[in-house]
Amino acid sequence: MISGRRVLLAVTGGVAAYKSALLTRLLVEDGAEVRVILTESAHHFVGPQTFAALTGSAPYTKLFDSDSVSPHTELARWAEVIVVAPATAASLSKMANGLSNDLFSATVLAYTGPVLIAPAMHTEMWEHPATARNMAILEEFGYETVGPESGALAGGDEGVGRVAEPEQIHEALSDLLGTRPDLGRLLVTAGGTREPIDPVRYLGNRSTGKMGHAIANEAAQRGYDVTLVTTSNLHADPAVNLVEVETAEQMLNAVEQVDMDVAIMAAAVADFRPAKKSAHKLSRSEGLDSVELVPNPDILESVVARDKRPLVVGFAAETGDVERAVQKAKRKDVDLLVYNDVTEPGSGFGTDTNRVTFVNRDGSVDPMPLTSKDEVAAQLLDRIAALRSLDS
Ligand code: PMT
């Protein structure tokens, strides 16, 4: 089960690095999302362009001077699995000893998920007690190993230390990923509803669905059975059940069909809609003095009122006053509220980043720094996991 999984491939500096290009192609063909770290020494054996062409994005190479403030933690949070192939003796040593002096080692140190290592080195190095000790430590960490095999080595030598073939690494990775844990059913609403005035015009808002889609994708990766009810055509993980809607009423109807253990209401739902939708395009000559509005259903309220109430997370798009969000959390009776100030640069509508404050049921607040919406999604799901474990 590699399709749709997020694989971080770390290519370290040995001649076997060329085989990692073949491995990358296998993974991409199998539907995995692959990001590649190339260490400095790997550059002596393979070029970044090869991996960029295979994955569609440039490999990650630097701990400093990259666009990201913290590339190692971002990659570590993104990855569902790290594959180190080829893993040189030096890279085994770095991992076993907890070094963090380059992007590769810092990312592995910042990572808490499964790691698969494909060692490659000369027989003497593989059999050296230092390598044996490092491997024993890595095994203790729970890291999995594939290979090394016996056969032709660099420089015409023969012996144990040849990296496992790409197909073997692919198979070991499939076994390692296995099936995802079943975390239950999770609903996400996303995007801004569009309330039609006529077949052409609508009342809407500036929500793009980025926040909600980031949550749905992260939740699917973690093992939730996700239904995403959205007005947006942004990317959704293939594992997500996607329901596309346009209006608040359609969103409510779709949500009513979903059984859920957790509901995350990230959509910006129009509170009002035009009382009448003209069947034909209104022309300027007909004139339109006013648009009569009627209230839309409160979808979040309908979820909270269910007999089998799920854990409910609301969002609040406010302008500068966290106290209003605290009051909203109480009024809406949610288990957690995510407040974002939509006037703050880099936050709220349409941005790739968000600065949120988590408002807890007891009214306490946890302000978070500005970060990517993917990271907000990860932090939110961590909090939901903690709340659910308190419940059980
Ligand atoms: O989509 P992006 O461009 O990434 O932008 C993200 C976002 C700013 C839209 C998102 O982070 C956000 O704040 N979403 C909620 C926006 C909002 O409409 O908040 P609200 O205060 O109006 O509503 C409070 C809660 O009730 C929300 O969870 C909302 O989904 C829900 N609601 C509101 C009205 C309604 N009729 N039904 C609802 O379910």
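These legends describe close-up views of a predicted model. Residues are numbered from 1 along each chain as its sequence is written, and side-chain values use heavy atoms, with hydrogens and water left out. In this predicted model, local features need pLDDT of at least 70 and side-chain atom pairs count only at pLDDT 80 or more, while totals for chains, interfaces and linings use all residues.

**View 1. Two domains divide the chain.** Domain 1 covers 6-177 and domain 2 covers 185-391. These bounds come from an automatic or database domain assignment. The domain centres, taken over C-alpha atoms, are 39 Å apart.

View 2. Strands (E, at least two residues) and helices (H or I, at least four) are DSSP runs, numbered from the N terminus. Two strands pair if DSSP finds at least two bridges between them.

**View 3. Strand 13 pairs with strand 16 in the parallel sense.** Strand 13 spans residues 262-265 and strand 16 spans residues 311-318. The pairing runs over 4 bridges. Ile264 has Val313 of strand 16 as its bridge partner.

**View 4. The largest pocket draws on both domains.** Its volume is about 940 Å³. A pocket is an open set of points on a 1 Å grid over the protein atoms alone, where a 1.4 Å probe fits, with protein on both sides within 12 Å along at least five of seven lines; lining residues have an atom within 4 Å of a point. Grid points are joined across faces, edges and corners, and a volume is the space filled by probe spheres set on the points. Of 32 lining residues, Arg35, Trp78, Ser372, Asp374 and Glu375 lie nearest the centre. Domain 1 and domain 2 each give at least three lining residues. Strand 2 (33-38) and helix 13 (373-391) are among the elements that each supply at least two.

**View 5. The second largest pocket has a volume of about 750 Å³.** It is lined by 36 residues. Nearest its centre are Ala267, Ala268, Val269, Phe315 and Ala317. Strand 16, helix 12 (322-332) and strand 17 (336-341) are among the elements that each supply at least two lining residues.
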